[in-house]
Amino acid sequence: MTRPRVLSGIRPTGESFQLGNYVGAVRHWAAMQDENECFFFLADLHALTETPQPDALRRRTRESVAELLAMGVDPARSTVFAQSHIPEHPELAWVLGCLTGFGEASRMTQFKEKGGGTVGLFYYPVLQAADILMYQANAVPIGEDQRQHLELTRDVAARFNGRYGETFTLPGAYAGKPGERIKDLQDPARKMSKTIGGSGTVWVLDEPAVVTKKVKSAVTDTGREVRVSDDKPGITNLLTILSVATGKAVPELEAAYAGKGYGDFKADVAEAVVEMFAATRARYVELIADPAYLDEVLAAGAATAGAVARTTMTTVRERIGLLAPKP
Ligand code: TYM
């Protein structure tokens with residue numbers, strides 16, 4: 001029996017990956033590797049929308065491989081690759097862009113929130129659709145902030161199939177659990193993000209003392225009660241984090257902190273986060289010391305991913321009516 005295909009990507013930006021990337025995405029990737037055929041990639045072309053320094057992008061791409069592996073992605077079981085190593089991605093994005101409405105793309109909140117910007121940022125979700133459809137993915141483990149991009153992908157895939165015949169697998173709808181959207185520690189009204197960084201973002205590779213300082217200075221709410229509530233976004237966020245880090249359900253944690261103040265609670269959250277990333281930090285140090293190995297992982301990943309991508313594109317080119325070059 002063939003296993004379901006899983007695909008997801010992450011941009012190699014920021015100082016390292018952050019807590020939200022782990023909670024909303026990468027820990028699920030690691031957990032899905034046995035029962036699925038997984039493709040995980042570094043979205044270096046998507047990273048270009050932030051116009052990183054060339055050397056920094058190259059360095060972050062390699063570091064990102066080490067981080068993914070340190071967080072439990074296993075290249076023996078999953079295909080790990082860099083998006084730019086597979087030139088079929090932007091090619092398919094062009095094709096899909098010709099089936100995407102201008103209005104449809106304009107409604108993407110990630111684009112709207114940034115207040116416009118480059119054509120690249122506008123095209124970002126179309127390239128993401130190409131990433132997903134290229135591999136005929138059944139499931140796409142992503143954070144809640146990417147839900148709209150997945151819906152666009154499904155719409156465009158259905159449109160392509162309707163026009164040119166069944167070609168793409170429609171990926172399943174967003175399957176994340178509620179409460180996995182991690183907020184910025186300094187501003188719990190917005191998501192924690194690599195792009196924003198600062199003391200509201202916990203980097204996966206932060207030193208324990210830095211994690212502790214960031215968590216202890218997280219913005220909390222008025223009152224003393226440790227419980228989930230709309231008017232307690234800071235405490236709610238810390239409860240989510242503690243729940244993920246300890247594996248304990250939120251109501252259980254609320255009961256455990258009844259009558260205790262924010263101080264004890266924050267100290268425990270800090271300790272749990274440090275503990276959650278301790279093994280990752282240790283493995284990262286070993287992995288980053290061997291860049292040749294990291295490059296080999298990407299090369300093997302590109303070979304596997306490239307074969308799938310070429311097959312998809314041969315079909316796509318034929319379906320849409322591009323004249324095949326004479327062999
Ligand atoms: P990126 O690098 O911004 O985020 C990587 C993953 O982390 C999730 N995430 C979060 N989850 C919970 N709370 C947060 N605060 C938080 N911040 C980030 C994101 O939802 C994402 O799953 N556009 C993608 C990269 C991409 C991609 C793809 C993903 C490009 N092509 C194809 C899946 C399939 C992104 O936002 O990456």
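This is a predicted model: local features need pLDDT of at least 70, side-chain atom pairs count only at pLDDT 80 or more; totals for chains, interfaces and linings use all residues.

**Entry 1: ground rules**

I number residues from 1 along each chain as its sequence is written, and side-chain values use heavy atoms, with hydrogens and water left out.

**Entry 2: the ligand**

I started with the polar atoms around the ligand. A backbone N or O atom of G20 sits 3.1 Å from a ligand nitrogen atom. For D131, a polar side-chain atom is 2.6 Å from a nitrogen atom of the ligand. Q146 has a side-chain N or O atom 2.9 Å from an oxygen atom of the ligand. How much of the ligand does the protein bury? Taken alone, the ligand exposes 710 Å², and the protein buries 98% of that (Shrake-Rupley accessible areas with a 1.4 Å probe; for residues, only the protein chains shown count as cover).

Next I listed the surroundings. I get 28 residues around the ligand, where near means that a heavy atom of the residue lies within 4 Å. The closest are Y124, D131, D145, I182 and K194. β1 (5–10), α1 (19–31) and α7 (119–134) each give at least two residues to this shell. My helices are DSSP runs of H or I with at least four residues, my strands are runs of E with at least two, and both are numbered from the N terminus.

The ligand takes up the space of the largest pocket. I noted how a pocket is found: on a 1 Å grid over the protein atoms alone, it is an open set of points with protein on both sides within 12 Å along at least five of seven lines. A molecule sits in one if more than half of its atoms lie within 2 Å of its grid points.

**Entry 3: S16**

S16 is in the loop between β1 and α1. Buried or exposed? S16 counts as buried, because its relative accessibility is 2% (buried is under 20%, exposed over 50%, partly exposed in between, with a 1.4 Å probe and protein chains only). A polar atom of the S16 side chain lies 3.4 Å from the backbone nitrogen of V204. Not counting residues up to four places away in sequence, S16 touches R60, E67, K194, W203, V204 and L205; touching, or contact, means heavy atoms within 4.5 Å.

**Entry 4: two stops in α3**

E63 is in helix α3 (residues 54–70). At 13% relative accessible area, E63 is buried. Its side chain makes a polar contact of 3.0 Å with the side chain of R60. Beyond four places in sequence, E63 is in contact with E15, Y284 and I288.

Leaving out neighbours within four places, its contacts are I10, F17, V26, W29, L42 and V73. I also checked A282: 214 residues from L68 along the chain, with 13 Å between the C-alpha atoms.

**Entry 5: K214**

K214 is in helix α9 (residues 208–216). Why do I call K214 buried? Because its relative accessible area is 10%. Its side chain reaches the backbone oxygen of T201 at 2.8 Å, and a polar contact of 2.7 Å joins it to the side chain of D206. Contacts of K214 outside four places in sequence include L185, G198 and W203.

**Entry 6: L150**

L150 is in helix α8 and is buried at 1%. Among the residues L150 touches, setting aside those up to four places away, are I132, V140 and Y174. From L150 to G234 I count 84 residues along the chain and 28 Å between C-alpha atoms.

**Entry 7: two positive phi values**

T51 is in the loop between α2 (44–47) and α3. Its phi is near 40 degrees, positive in a residue other than glycine. T51 is exposed, because its relative accessible area is 66%. Q136, in the loop between α7 and α8 (147–164), has a positive phi of about 55 degrees and is not a glycine either.

How values were computed. A polar contact is a pair of N or O atoms within 3.5 Å; within protein, one must be able to donate a hydrogen and the other to accept it, and residues adjacent in sequence count only if both atoms are side-chain atoms. On a 1 Å grid over the protein atoms alone, a cavity is a set of points where a 1.4 Å probe fits but cannot get out, and a pocket is an open set with protein on both sides within 12 Å along at least five of seven lines; lining residues have an atom within 4 Å of a point.
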